[in-house]
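Open the model in your viewer and keep the selection panel at hand.

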Amino acid sequence: TEARERLVHLITKQCSASRSLPIPCYTDRNFVESAVELWLSNQLNNYEYLLILNSAAGRSFHDLSRYPVFPWVLSSYGEDETMLDLTNAENFRDLSKPIGALNEDRFQEFKKRYESMVQQQKSQGAQHNHHQDAPFMYGTHYSAPGYVLFYLLRVMPEHMLCLQNGKFDVPDRLFFSMQSCYESALSNNADLKELIPEFYDPDCFDFLINSMGLQLGNLQTGERVDDVILPSYSKSAKDFLRKNRAALESDHCTTHLPKWIDLIFGVTSRGSRAKTARNLFHPMSYLGPVDLDALRSDEDKNRAELQATEFGIVPDKLFRKEHPGKGESWEGTEGLVMPDVLRDSYNYGASSSDRITKKENTGSNDGFSLEDGTNPFA
């Protein structure tokens with residue numbers, strides 16, 4: 001939001017005046033280009049690279065509404081699976097598809113709803129359509145405050161209690177098993193959760209253990225909700241995270257990771273290519289400064305921003321071309337990284353040639369452009 005970016009600007013200005021203070025990391029073209037080059041040359045591993053991209057795209061461990069997002073990498077979490085073979089492609093999730101499209105039968109339900117909304121808008125006429133009412137495939141998101149707290153319940157119970165009015169959620173809706181959690185993300189129409197970085201950091205294993213002895217209740221089967229139930233190939237919570245990290249750094253994941261980066265931070269994250277990639281979310285998840293400026297009252301702006309933060313927000317778009325794979329040279333990636341048009345568009349730092357202007361509403365999500373005609377959100 002504009003307030004957030006103005007704060008970054010002020011902090012940066014203060015840090016620049018004092019050489020003893022580090023300049024904070026935020027979306028910056030040179031920063032992203034350097035990270036891409038280091039990853040391509042194997043000087044950054046996948047975990048480090050994803051943390052950098054999240055940071056550059058406005059995600060932070062200090063903001064539950066914009067918490068860093070990581071992918072489900074594995075597809076094998078069964079309690080009867082005693083071995084994990086990272087050379088077997090069948091043990092991996094398809095990183096070229098968003099969570100909502102991994103199950104074709106479920107996606108067809110999303111598609112029918114989307115097509116119904118398209119027909120409804122056509123019948124109403126373009127003059128009645130607003131870009132915030134644009135058709136969408138998914139009415140829920142892959143990252144939101146409630147999802148982060150779902151995973152971190154055992155280390156941050158007080159936050160969950162605040163969210164649930166002083167009570168824990170129904171036991172069957174709590175995070176109690178890796179297998180059930182993944183199965184829900186594949187089959188539940190209201191569940192499109194990706195993962196968080198803690199799933200790939202062995203030092204953060206405590207979020208899988210009920211060390212506080214929280215009384216989380218019993219499942220409908222009578223089983224008590226305690227430590228998270230892990231796959232049989234894991235000796236402990238820490239061992240599971242080590243294996244999950246090994247999967248993230250595996251050759252298979254490294255080869256296919258650029259496609260997932262495109263879905264979250266790149267060319268298929270929004271606009272017409274998101275539709276083609278089956279990756280189109282509710283318009284509120286793309287809420288930006290220009291959208292807020294178009295609202296007339298502060299009350300409407302506050303309400304819209306609250307809805308967006310609770311629903312989930314798509315990270316800033318970092319790349320305007322398909323992300324290269326390992327082995328490709330940096331010289332062949334010219335024009336890959338987005339220019340800093342979003343940051344430059346704010347009043348405190350924008351030049352007249354870079355300010356974002358609103359063009360005539362066409363009834364789509366692409367109703368904004370720069371004065372040079374380019375669309376910073378497409």
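A cavity here is a set of grid points where a 1.4 Å probe fits but cannot get out. Keep in mind that this is a predicted model. Searching the whole structure turns up three cavities of 30 Å³ or more.

**Stop 1: the second largest cavity.** Select P98, I99, G100, Y138, Y142, L192, E194, L263, I264, N279 and F281; these residues line the second largest cavity. Its volume is about 70 Å³. What classes make up this lining? Eight residues are nonpolar, two are polar and one is charged.

**Stop 2: helices α2 and α3.** Now select residues 29-40 for α2 and 46-56 for α3. Their axes come within 10 Å and cross at roughly 165 degrees. Angles over 145 degrees count as roughly antiparallel, so α2 and α3 are roughly antiparallel to each other. The crossing of α2 past α3 is left-handed. Show side chains next: from α2, F31, V32, A35, V36 and W39 meet N46, Y49, I52 and A56 of α3. The contact of α2 with α3 has eight nonpolar residues, one polar and no charged ones.

**Stop 3: the second largest pocket.** Move on to the second largest pocket, with a volume of about 400 Å³. It is lined by 20 residues. Centre the view on F150, D169, R173, D191 and K193, the lining residues closest to the pocket centre. Then colour α5 (145-151), α6 (157-163) and α7 (178-187), the elements that each give two or more residues to the lining. Colour the lining by class to finish: nine nonpolar, six polar and five charged residues.

Definitions and conventions:
Residues are numbered from 1 along each chain as its sequence is written. This is a predicted model: local features need pLDDT of at least 70, side-chain atom pairs count only at pLDDT 80 or more; totals for chains, interfaces and linings use all residues. Side-chain values use heavy atoms; hydrogens and water are left out. On a 1 Å grid over the protein atoms alone, a cavity is a set of points where a 1.4 Å probe fits but cannot get out, and a pocket is an open set with protein on both sides within 12 Å along at least five of seven lines; lining residues have an atom within 4 Å of a point. Grid points are joined across faces, edges and corners, and a volume is the space filled by probe spheres set on the points. Ala, Val, Leu, Ile, Met, Phe, Trp, Tyr, Cys and Pro count as nonpolar, Asp, Glu, Lys and Arg as charged, and the others, Gly among them, as polar. Axes are lines fitted to C-alpha atoms, for helices over the stretch in contact, and angles run from 0 to 180 degrees between N-to-C directions. Helices (H or I, at least four residues) and strands (E, at least two) are DSSP runs, numbered from the N terminus. Angles under 35 degrees count as roughly parallel, over 145 as roughly antiparallel, 65 to 115 as roughly perpendicular and the rest as oblique. A crossing is left-handed if the near helix is turned anticlockwise from the far one by less than a right angle, and right-handed if clockwise. Contact means heavy atoms within 4.5 Å.
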